[in-house]
There are 2 protein chains.
Amino acid sequence: MAVASSVCLLTVREERREKGERASTSPLPVCPWRSPPTMNSREFRRRGKEMVDFVADYLEGIEGRQVYPDVQPGYLRPLVPTSAPEEPDTFEDIINDVEKIIMPGAASPACTELETVMMDWLGKMLKLPEAFLAGEAGEGGGVIQGSASEATLMALLAARTKVTRRLQAASPGLTQGAIMEKLVAYSSDQAHSSVERAGLIGGVKLKAIPSDGKFAMRGSALQEALERDKAEGLIPFFVVATLGTTSCCSFDNLLEVGPVCNKEDMWLHIDAAYAGSSFICPEFRHLLNGVEFADSFNFNPHKWLLVNFDCSAMWVKNRTDLIGAFKLDPLYLKHSHQDSGLITDYRHWQLPLGRRFRSLKMWFVFRMYGIKGLQAYIRKHIQLAHEFEHLLHQDPRFEICAEVTLGLVCFRLKGSNKLNEALLERINSAKKIHLVPCHLKGKFVLRFAICSRTVESTHVRLAWDHISQLASDLLRAEKE
Amino acid sequence: MAVASSVCLLTVREERREKGERASTSPLPVCPWRSPPTMNSREFRRRGKEMVDFVADYLEGIEGRQVYPDVQPGYLRPLVPTSAPEEPDTFEDIINDVEKIIMPGAASPACTELETVMMDWLGKMLKLPEAFLAGEAGEGGGVIQGSASEATLMALLAARTKVTRRLQAASPGLTQGAIMEKLVAYSSDQAHSSVERAGLIGGVKLKAIPSDGKFAMRGSALQEALERDKAEGLIPFFVVATLGTTSCCSFDNLLEVGPVCNKEDMWLHIDAAYAGSSFICPEFRHLLNGVEFADSFNFNPHKWLLVNFDCSAMWVKNRTDLIGAFKLDPLYLKHSHQDSGLITDYRHWQLPLGRRFRSLKMWFVFRMYGIKGLQAYIRKHIQLAHEFEHLLHQDPRFEICAEVTLGLVCFRLKGSNKLNEALLERINSAKKIHLVPCHLKGKFVLRFAICSRTVESTHVRLAWDHISQLASDLLRAEKE
């Protein structure tokens, strides 16, 4: 789970944003990405008010609607394109489709079916291997979870059930307790705290694999750890690889770690909570290479793909692994289609029973921006991160502490941790911007994250001038 | 988790609702509860559109706002009354308070602090024992979860950690695996499937206690089961008591079960997902007697208290039990107030890390209805359930299968399960209303649940006429 915890709200109090402002003498690279096409304030007011009327009309006329839909399972997929549009659709198009496609399917099955199709759309945007898609007759598929924490936990629990059944099939005398005592999961020492928490909840050991000089988990380090554990009689069963770690947005080496997991019959879960959104751009898709070795993959469109919180997208290759872990069917939850194999019961894919209609958010966002608009948004943020990186490079007082790959820049003043803690204190006390720190190999590091929908180059420069000024003040004060 | 899975949408296709319609010859009890004061469609349109402008204005002016609030931890409680209002507030009052009380506290700490105060308001509405409230310096407190499933799971996990630590403190050589293998949790055989699921996830045994003739778990049956299990070397550690079961809205006997749990040092969790809302009425509060024996209590305001999905309210007596089970503090989640003891870090109280601002929904609903309005709403539903019960009583072809306490009526045609399955099939195929069945002691039972915000006496009669007609058709067809 990645950079969300670093908050850099580029809201500047006195200085108002001036669109397009750029000093003509600037030595900075010019950002080639224009703002993606988005709804302006005027249209937002108009459409928002139309939606209020839509809801009121619906409630006024609800007695004219049928309590149970006439549609058959699978009705929705043929009514919707097989992938997201490249160019934006209009708001009218979308709202007309709501009346035409969603309303006849009521809350159920429309809520489920749109989710399956939207997760296929998104999977295709990322170029996920076919095996992760539901399609017409696939064995995989996607589900919206509330958070990456829940996705990691679901994957760990499914893996725990799978290995327990396998071991009990081979040795029927083995109890669940005897197995759980020996199970061990792995992640990089850079993995998010939610991975450790999943281990605690699942009642299994979780071991941290030391990352390399670039803060990545390597295949050899994983292999070493699990050989040692196997020799001690433990049972390695689950690995979380992180793409885009929280601290510094580093990437575990999937092309090494993946084959180790497959060879050892361990479930591989990928947590790309923050970085995942960038994979919709062809030039960043290589960061996902190796996903073909994984059993489950997760990222958060609510972090960086303009879908409002919460919306955490999770895919599995074999949905029966997930479903098999928790399926319980009391009579009051039975329905006439459940044994047909035609439909998806998402309640078996997640921790809660109830579900919100979150795929509507995805549908609206994907169509209103189009794939090109979303790509432009990602590219712009990354470009702005490089702009900040460039400013840092020109100032010899600072050092950059990790490779800038996406929208996060890890930096510090050359000097002691104490000095950098003092700088952060000055920055956050001034309340013009807000930064969240991390530790990298013992160094106290500041994190500059581009994450606001409306961020522009001017904000980055204002932030830099501000940081630079506070650094000067601090260094002067230190000398006195 | 209760009656939500029974859906009776009293939407009638041809017959339009006529407010106040009642045949003068009706032998039915007259419903004394008028509709609670609610926002009509006209005001909804007006206020909804004002809210759209509020959001647009906020976004347009966001650069004039500070990125980090000036308020200190605990700022909010003194600005808000100590309990919910008896009479409704106006929409203007509430929206003015949003600007005055919420906006200066931004998302954090306003989101956390309003939640703590709203959970205290709601706890007081239910007359929960003081120990469950956070107050100024309490050791308990409430948190909003997404679902009763998650509340049950959190309670089970906290109980598991607590008993494990206690046993390991007494016998340091004991491994977690050795303990988990012996842990056993209990619930009634009428408990919701989510309880069994929590056991599966937590990796512990869950045993069903046979309920009595009124579908209630009794103290003696629980005591018997745990004596047997202790004799076999197992470790009883957790009990879920249900108030308002899903199948028939029965109530476990808390006054018997509670003391058993306390004596045996087992964590008692109460699941009142559906029934909980009714406890705000003094005449139904007795159903909650015995809550003082519990460690945690949960119900879903999104089921029956007019708060939109999702909003599941959970209280614990000792918040350190919950927090202690999962607390992990990486640097990127640290903040300057966390060791002060002044603030609540809800991320330790739940499975996900991220949180939505769900307490705003509670604040608006509690203030717009007032306690009296909410009580009137509950009373009206229960009265309508009794109206349906009365209609059934007058028809000798039907039998009532469980005591009608709240808004659920369990009934069936006198006769075979096959006959009743056929009746349900006819009802649900006609699609005028929708019923969900259950099994009670081997009998196939239909469930009529009052749960729509706008339901009136006319709907209940139309539904009854419809069911009665379909039953006549069925019985005639059976004879032929």
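Guide: Let us begin with a definition: a salt bridge is a side-chain nitrogen of Lys or Arg within 4 Å of a carboxyl oxygen of Asp or Glu. Please note that this is a predicted model, in which local features need pLDDT of at least 70, side-chain atom pairs count only at pLDDT 80 or more, and totals for chains, interfaces and linings use all residues. Residues are numbered from 1 along each chain as its sequence is written, chains are lettered from A and ligands numbered from 1 in the order in which they are written, and side-chain values use heavy atoms, with hydrogens and water left out.

Visitor: Which side chain meets Arg355(B) in a salt bridge?

Guide: The partner is Glu115(B), at 2.8 Å from N to O. Helices (H or I, at least four residues) and strands (E, at least two) are DSSP runs, numbered from the N terminus. Arg355(B) lies in the loop between H10 and helix H11 (359–393) of chain B and Glu115(B) in helix H3 (residues 110–125), so the pair ties together parts that are 240 residues apart in sequence.

Visitor: Are Arg355(B) and Glu115(B) buried or exposed?

Guide: Buried means under 20% relative accessible area, exposed over 50%, and partly exposed in between (1.4 Å probe, protein chains only). Both Arg355(B) and Glu115(B) are buried.

Visitor: Where in chain A do Asp97(A) and Arg367(A) lie?

Guide: Asp97(A) is in helix H2 (residues 91–102) and Arg367(A) in helix H11 (residues 359–393), 270 residues apart. They form a salt bridge whose closest N and O atoms are 2.8 Å apart. Asp97(A) counts as buried because its relative accessibility is 13%, and Arg367(A) counts as buried at 7%.

Visitor: How many residues apart are Glu50(B) and Arg46(B)?

Guide: They are 4 residues apart in helix H1 of chain B, about one turn of the helix. Glu50(B) is partly exposed at 34% relative accessible area, and Arg46(B) is partly exposed at 46%.

Visitor: What is the area buried between chain B and chain A?

Guide: The size of an interface is often given as the accessible area lost when the parts come together. Buried area is that loss (1.4 Å probe), summed over both parts. Here the value is about 6,900 Å², of which carbon and sulfur atoms give 58%. Contact means heavy atoms within 4.5 Å, and 81 residues of chain B are in contact with 81 residues of chain A.

Visitor: What rotation superposes chain B on chain A?

Guide: Copies are superposed by least squares on the C-alpha atoms of residues with pLDDT of at least 70 in both. A rotation of 180 degrees, with 0.0 Å of shift along its axis, superposes chain B on chain A (RMSD 0.0 Å). The two copies are therefore related as by a two-fold rotation axis. The same surface serves both copies, since 100% of the contact residues of chain B recur in chain A.

Conventions: Buried area = accessible area lost by both parts, 1.4 Å probe.
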